[in-house]
Amino acid sequence: MAGFPGVVLFKALLLTAFCGIAGLLASRRAEGSLHWGIAAAVAAASVTSLFSADRPALISFVLVPVFIWILERGGPLWLLPALSVVWANSHGGYFLGWVILAAYSAAAAVRRRRGERYPNDARLWIVAALSIALSGLNPSGFRIFEILAAYRHSYLTQTLIEWTRPRLWGPPYAFNLLLYAAAAVLLSAWRRVRAVDWFLFLPFAAASLLAFRNIPLIAFLAPILIAAYFPWRRKLPAVAGPAVALVLVGWLGVGVYRGQFFQFRAAFWKFPSGAADFLLAHRVSAPIFNTYEYGGYLIWRLWPEERVFIDGRALNEAVYQDYGRALTSPDPNVRREVLARYGVGAIVINAFEYTTGVLYPLALGLADAGEGEWRLVYQDSQALVFLRPPPSGVAALDRSLVRDHLEAECRVHLENDPELNLCARTLGFLFLRRGDTARARRWFGLYLANLPEPDPEAENAYRHVLGR
């Protein structure tokens, strides 16, 4: 009901809850220290900010902290079975609830073995068993581990960045710093570490090391463990509280002034909103071929009138392979065969994969005059729309606009996300190969102006187009 801004706001609230619960638990474990709580929340945010895509995984990111918060407080335990059903029907990460319940149940068993008895232990075991049983009320039942094993061995997931292993060495960054610091404090304080902390840290660390997509688990847990077991406590002067508040207010103020924080608008530059408006306005009903990154948005805008070709759920291995052949094959016959086999009548694509800077060959291929059956009917800085054939009343645009689109799309990304600037490098070499030295010079200049480390190949090419 709140439209696209509502989706963004809901996402922001989920991520804020994730970081906030980390801060509350860290403060609780550090004898009520507000400073440890703030530090833990900020540490969690430093990693979680990388996971701000509008995807169901956010439900798992939030329910992990919620489960731990309830179990740490000892209640209300009756919420866990109900949340387990919701979780199991929201995202495949619901098995993490099993891991958490098993960790606290095993820790209770360890306490009993040591002669320590708590009145809630029996209730905890009953609730854990009930929660796991009820989580089977989902379309896949209890097949989650079979599904995860299939994902791990799939060609599809092997090609997705989120399933690669995170970088452990090299320049330090938030994830590996938190992982190593948490491991260090647990080892240094091993005599007083609670069993449940080991039972949570070891599987969370293992999951994070297996795939980049899992590192929010350590982003949440590590700051709490560091706050709980840091080897020394030093009483801060009275001025520390106001000083921290002043720093936070100043930091937020600078972010607001720069347009980085609390900007109550949706980032439509990331999504094909204009293309979706065009398809709806002209009642285009032909089967769509779309890029992977646009699938979720197009489902949200076009369902049920239109179904996308592919989206981030990655549901079909064979379809994904055909998607790759249509999008990236340099052979036009391969592209035509795939699109014809699926009866595709509309193409909605962006031109670049921004993490690597790769230019999709399909975008250039459809700009070729030899592709007579496809007509460019819409373009803006987010998307290109091709139809076969255009409906009556829709005029075909000049194919040369595709080249202008490449520059406009890359320029928008450089303005809004300058860290992902490899599209500028790609355009520099594209125009260099085509003999357009003016455009090559411009794009090499933009790329090299925001370069964190040397790129000798691009630097040599830039000197070449400058005539040096």
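The protein chain folds into 21 helices and six strands, where helices (H or I, at least four residues) and strands (E, at least two) are DSSP runs numbered from the N terminus. This is a predicted model: local features need pLDDT of at least 70, side-chain atom pairs count only at pLDDT 80 or more, and totals for chains, interfaces and linings use all residues. Residues are numbered from 1 along each chain as its sequence is written, and side-chain values use heavy atoms, with hydrogens and water left out.

**Overall build**
- Along the principal axes, the C-alpha atoms fill a box of roughly 80 × 55 × 40 Å.
- Of the 468 residues in the protein chain, 44% are buried (under 20% relative accessible area, 1.4 Å probe, protein chains only).
- Among contacts (heavy atoms within 4.5 Å) between residues at least 6 apart in sequence, 65% join residues at least 24 apart.

**Surface**
- The protein chain exposes about 24100 Å², by the Shrake-Rupley method with a 1.4 Å probe.
- Carbon and sulfur atoms supply 62% of that area.

**Disulfide**
- The structure holds one disulfide, a pair of cysteine sulfur atoms within 2.5 Å.
- Cys-410 is joined to Cys-423, with an S to S distance of 2.0 Å.
- Cys-410 sits in helix H18 (residues 401-416) and Cys-423 in helix H19 (residues 422-433), 13 residues apart.
- The torsion about the S-S bond of Cys-410 and Cys-423 is about 80 degrees, so the disulfide is right-handed.

**Cysteine burial**
- Cys-410 is buried at 0% relative accessible area.
- Cys-423 is also buried, at 0% relative accessibility.
- Cys-19 is buried, with a relative accessible area of 11%.

How values were computed: Buried < 20%, exposed > 50% of the residue type's maximum accessible area, 1.4 Å probe, protein only.
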